[in-house]
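User: I have a model open and want to learn how to read its packing. Can you take me through it, one feature at a time?

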Amino acid sequence: MTDTDVPLLVADGLTKYYGRQLGCRDVSFSLYEGEVLAVVGESGSGKTTLLQLLSTQLAPSAGRVRYRLRDGATRDLAELGEAERRFLFRTDWGYVHQDAALGLRMNVSAGANVGERLMAVGWRHYGRIRGTATQWLDRVEIDRDRIDDPPLVYSGGMRQRLQIARNLVTQPRLVFMDEPTGGLDASVQARLLDLLRGLVTELGLAAVVVTHDLAVARLLSHRIMVMKGGEVIETGLTDQVLDDPREPYSQLLVSSILPP
Amino acid sequence: MNAPAYNFAYLDEQTKRMIRRAILKAIAIPGYQVPFASREMPMPYGWGTGGVQVTASVLGPDDVLKVIDQGSDDTTNAVSIRKFFAKTAGVRTTTHTTDATLIQTRHRIPETPLTENQILVYQVPIPEPLRFLEPRETETRRLHALADYGLMHVKLYEDIARHGHIATTYAYPVKVDGRYVMDPSPTPKFDNPKMDDCAALQLFGAGREKRIYAIPPHTRVVSLDFEDHPFEASRTPESCALCRADDTFLDEVITDDKGGRLFVCSDSDHCEKRRGAETAA
């Protein structure tokens, strides 16, 4: 069995209760290398809870998440030590926040923002760090003259692109995205999606994208998971679910998009 | 009412034992900040309450004490702390680095190399090197625990991006014994190399922040840098107007309001010794 036959990430009966309040219940799926999974649903349906469970930012009430590390061993993430988990987070994983201010250091320059992960894994050559940061700014279409400006003076779209560069600089295999296009205007959204789609295919990234925007799901993802009230009600290939939804709620969701 | 009788070196014995335990732990884990129950001292925070407590705890009746402030023996802080211990402990005091067994310092390391019979006590205002990069104490402790120091280099990167070179000139971060990143208190980075493989025991006390840390004798202390921007122990490219030394750390003294100024050694004892040798010759 080759590496690509073994899933990268396996969620197994993930459940989270906030006291008596349900976050999400019994979510199971496998994600393979290079595969993009979209999680859609209205607000409060447990999408973000699920994303935080997968990325070990929250501990599940029940169930587990297993991940295949770069050395090929599949490990239960709850069993990893904190140092290992942090290492995973800054090398093999990326996390794109909806609010770029959460994912960036707003007061340090764009170059240092991109370079931080490199320095954290032991890069100690200023010229090379800066060179790599410049390349990444090019890739996410930020003018290289802006490398010494802090993201505080960037526009919303630029911040989001900088956040993506910061996450991808260590060539992660898995990226979590929480509403990556939320709060951006339509044309900026389109550019960002175009960029993301290019990067995902080019780098062969696996991604879990949480969104309430079905257009994002259609453009980016291979598979889709529809959530409602903390549970997964429908899964399938993206075009299949979007063009021929089976569940009444999915039908409602799809039909609630205004035609352009 | 009688004047209050103080215990030897002001602090009571239980307090000293508590501080000594913290010091022992600090020596056992070089560069690690050990929390301790800092006491109120008869001086304001920022005037060396941490250093004074450490000094009081390690001081013995046979010790000879020297106190320097910015390298000088005759500034207010140095004079008053020296008098404080002369009064409360009755120990001998000196201004000569070579005669002292215990040296409390603010902002400098003496130019004369220290020996294994000496202890250097630093007054530390802010012990946490990551403080201005990461405001949460819980998070900085975690970063230390996991040796997650990428953030420290972000600061140095910013320096180079902004100024073309590492512009941090004091409180320059060091890595102690290959493990903990430490703030060497606001000493100029000129003094950083003196910490490396130093024969004397170096103790750091932060009174307001309630932390003690230490560098045991002959410990490796490396200043953080980049391969293509190596650490440089910078000094003003002048020589001392009094003793003409060109290898010491200099203070700039403004002499009038017409732009007149001169540079003198910040280590007053070292400067005097050099001038004494000159007149004798």
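User: Which residues does Val208(A) touch?

Analyst: Start with the rule: two residues are in contact if their C-beta atoms, placed from the backbone, lie within 7 Å. Leaving out residues up to four places away in sequence, Val208(A) touches Leu31(A), Leu37(A), Val39(A), Leu51(A), Leu54(A) and Phe176(A). This is a predicted model: local features need pLDDT of at least 70, side-chain atom pairs count only at pLDDT 80 or more, and totals for chains, interfaces and linings use all residues. Residues are numbered from 1 along each chain as its sequence is written, while chains are lettered from A and ligands numbered from 1 in the order in which they are written.

User: How many residues does the largest nonpolar core have?

Analyst: A nonpolar core is a set of buried Ala, Val, Leu, Ile, Met, Phe, Trp, Tyr and Cys residues joined through C-beta atoms within 7 Å. Buried means 20 or more other C-beta atoms within 10 Å of the residue's own; 12 or fewer is exposed, and in between is partly exposed. The largest core here has 131 residues, and Ala207(A) and Val208(A) have the most contacts inside it. Helix H4(A) gives the most to this core, six residues. A second, separate core has seven residues, among them Phe190(B) and Phe249(B).

User: At what angle do H4(A) and H6(A) pack?

Analyst: Helices (H or I, at least four residues) and strands (E, at least two) are DSSP runs, numbered from the N terminus. Axes are lines fitted to C-alpha atoms, for helices over the stretch in contact; angles run from 0 to 180 degrees between N-to-C directions. H4 (110–120) and H6 (156–168) of chain A pack at about 30°, axes 7 Å apart. Angles under 35 degrees count as roughly parallel, so H4(A) and H6(A) are roughly parallel to each other. On the H4(A) side, Ala110(A), Asn113(A), Val114(A) and Arg117(A) take part; they meet Leu162(A), Ala165(A) and Arg166(A) in H6(A).

User: What is the strand order in the sheet of chain B?

Analyst: Two strands pair if DSSP finds at least two bridges between them. The open sheet has seven strands in the order S1-S9-S8-S5-S4-S2-S3, with mixed pairing. S1(B) and S3(B) are the edge strands, each pairing on one side only. S5(B) and S8(B) run parallel, joined by five bridges. One partner pair is Gln123(B) with Gly205(B) in S8(B).

User: Which helix lies across S2, S3 and S4 of chain B?

Analyst: Helix H3(B), residues 76–88, running at about 160° to S2(B).

How values were computed: Angles under 35 degrees count as roughly parallel, over 145 as roughly antiparallel, 65 to 115 as roughly perpendicular and the rest as oblique.
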